[in-house]
Amino acid sequence: MRIIHIVESFGGGVYSYFKDLALFFSQQPTIETYIIYSNKRKEITQDQIDQDFPTSIHLIPIEMERELKPLKDLRSTFALRRTIKQLKPDCIHLHSSKAGVIGRWASFMPTYKRKLFYTPHGYSFLRQDISPVKQKLFYGIEKITQVLFGGTTIACGDTEYKIAQQIGRSLLVRNGIDLTHLNQHYTVKDNASNQLIIGTIGRISYQKNPKLFNEVALLFPQHQFLWIGDGELRDQLTAPNITITGWFTNNTAVFPYLNQLDVYLQTSLWEGLPIAVLEAMAFRKPILATDVIGNNDIVEPNLNGFLFTQAPDLIEVIRQLEDPSFRKQLGEQAYVVCERKFDKDKNFNHLFAIYRSL
């Protein structure tokens, strides 16, 4: 079986997802896997891509824009169409909203039968950095594209699945992480100190809401805050108790910093199903996350963490988390939730079964 994955958002959590997916499918002797990805994303270098993916996975870069740009989108569509006609895959799996639209246009050939799947990894019409008019436009594009070209949406999280069911045929295969690999990098942290280290991983961007992260840090000057990553909005992190690590060329380099944390703080405005939060749970960290789609598919309040909306919501919660035994209890439950719902081997086996059955 020949499968093509087409992805525009080749960075962040989606990039981590694809590394795990590539490793899993490289071990399936009956599957030939191609990944067509956007070479416009700058957070991942080509050298890193070449290093991270097995040689048995065929990688094909094609220019795709994140934003709506009709002329460039048309060129991307024709480039994809040429590649699809040449490879003639049995399955096409589209990832991210942009690839979901141009990929379906590109793969439409009346004489060519193929199985078509689409995973939004966070619908574009849920973005909070665009106007309500654009949100309605993007929803309309999703709906019309589904009606015209069909295919099965494979949602990466429970709320995304509920939304997908309103648009068309849908299934649920949650994002997963490599627990075996992560356990090799996990070390037990000494909880003796009264000062907490509270941190996050990711690009310092509008989506990740550094303004709220800074407000939380100012509210708790007695604790240390760590942003593992970098980005264009780093100037919004002004609290004196915040440290910014900068970028890492290898994702395993973040694990020592993740081990340092007592609590993981996710302040994002919207998500698909955030891989970084899952990795923090695998490292037995209690999760504090904004109550938005994606985050609230992971955090089970009072079991593995807490959901919040504004910084003052955390005053009582962080007081509770200053108790080492309570932190340990939530952290252990976070790992249990990962085992139960977000093990990538279980979830990719489910995906593999879908490819073969539909």
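Visitor: Which residue stands opposite His95 in β4?
Guide: In this predicted model, strand β1 (residues 2-7) and strand β4 (residues 91-95) run parallel and are joined by five bridges. The residue that stands opposite His95 in β4 is Val7.

Visitor: Is strand β5 largely enclosed or largely open?
Guide: Strand β5 covers residues 115-119, and buried means under 20% relative accessible area. Four of the five residues of β5 are buried, so the strand is largely enclosed by the rest of the structure.

Visitor: Which strands are at the edges of the open sheet of seven strands?
Guide: The order in this sheet is β3-β2-β1-β4-β5-β6-β7, and the pairing is parallel. The twist averages 20° from one strand to the next. An edge strand here pairs on one side only, and the edge strands are β3 (58-62) and β7 (170-172).

Visitor: At roughly what angle do the axes of helices α4 and α5 cross?
Guide: Helix α4 comprises residues 97-107 and helix α5 comprises residues 132-149; their axes come within 10 Å. α4 passes α5 in a left-handed crossing. The axes cross at roughly 30°.

Visitor: How many charged residues are in the contact of α4 with α5?
Guide: From α4, the residues in the contact are Ser97, Gly100, Val101, Arg104 and Trp105; they meet Ile141, Glu142, Thr145, Gln146, Leu148 and Phe149 in α5. By class, this contact has five nonpolar residues and four polar ones, and the charged residues number two.

Visitor: Is Lys19 buried or exposed?
Guide: Lys19 lies in helix α1 (residues 12-26). Leaving aside residues up to four places away in sequence, Lys19 touches Asp52, Phe53 and Asn251. Its relative accessibility is 14%, and the limit for burial is under 20%, so Lys19 counts as buried.

Visitor: Is Lys88 buried or exposed?
Guide: Lys88 is found in the loop between α3 (70-87) and β4. Phi of Lys88 is near 50°, a positive value in a residue other than glycine. Most residues other than glycine have a negative phi. The relative accessibility of Lys88 is 57%, and the limit for exposure is over 50%, so Lys88 counts as exposed.

Visitor: Is Arg284, which also has a positive phi, buried or exposed?
Guide: Arg284 is placed in the loop between α10 (275-282) and β12 (287-290). Its phi is about 60°, although it is not a glycine. With a relative accessible area of 19%, and a limit of under 20% for burial, Arg284 is buried.

Visitor: How many residues of α10 are buried?
Guide: α10 lies across β8, β11 (263-266) and β12, running at about 170° to β11. The buried residues of α10 are Ile275, Ala276, Val277, Leu278, Glu279, Ala280, Met281 and Ala282. The helix is largely enclosed by the rest of the structure, because the number of its residues that are buried is eight of the eight.

Visitor: Which element gives the largest share of the largest nonpolar core?
Guide: This core has 31 residues, and those with the most contacts inside it are Ile177, Leu258, Tyr264, Leu278, Met281 and Ile287. At least two residues each are supplied by α7 (179-185), β9 (224-228), α9 (255-260), α10, β12 and α12 (324-341). The largest share, seven residues, comes from α10.

Visitor: Which residues does Ile287 touch, not counting residues up to four places away in sequence?
Guide: Ile287 is among the residues with the most contacts inside the largest nonpolar core. With residues up to four places away in sequence not counted, Ile287 touches Tyr264, Val277, Ala280, Met281, Val299, Asn304, Gly305 and Phe306.

Visitor: Which strands stand at the edges of the open sheet of six strands?
Guide: The order of this sheet is β10-β9-β8-β11-β12-β13, with parallel pairing. An edge strand has a single partner strand, so one side of it is left without a neighbour in the sheet. The strands at the edges are β10 (242-244) and β13 (305-308).

Visitor: What is the bridge partner of Gly199 in β9?
Guide: Strand β8 (residues 197-201) and β9 pair in the parallel sense over five bridges. In β9, the bridge partner of Gly199 is Leu226.

Notes: Residues numbered from 1 in each chain as written. Predicted model: local features only at pLDDT ≥ 70, side-chain atom pairs only at ≥ 80, totals over all residues. Heavy atoms only, no water. Axes fitted to C-alpha atoms, helices over the stretch in contact; angles between N-to-C directions. Left-handed = near helix turned anticlockwise from the far one by under 90°. Contact = heavy atoms within 4.5 Å. Nonpolar A, V, L, I, M, F, W, Y, C, P; charged D, E, K, R; others polar. Pairing = 2+ DSSP bridges. Buried < 20%, exposed > 50% of the residue type's maximum accessible area, 1.4 Å probe, protein only. Core = buried A, V, L, I, M, F, W, Y, C linked by side-chain atoms within 4.5 Å.
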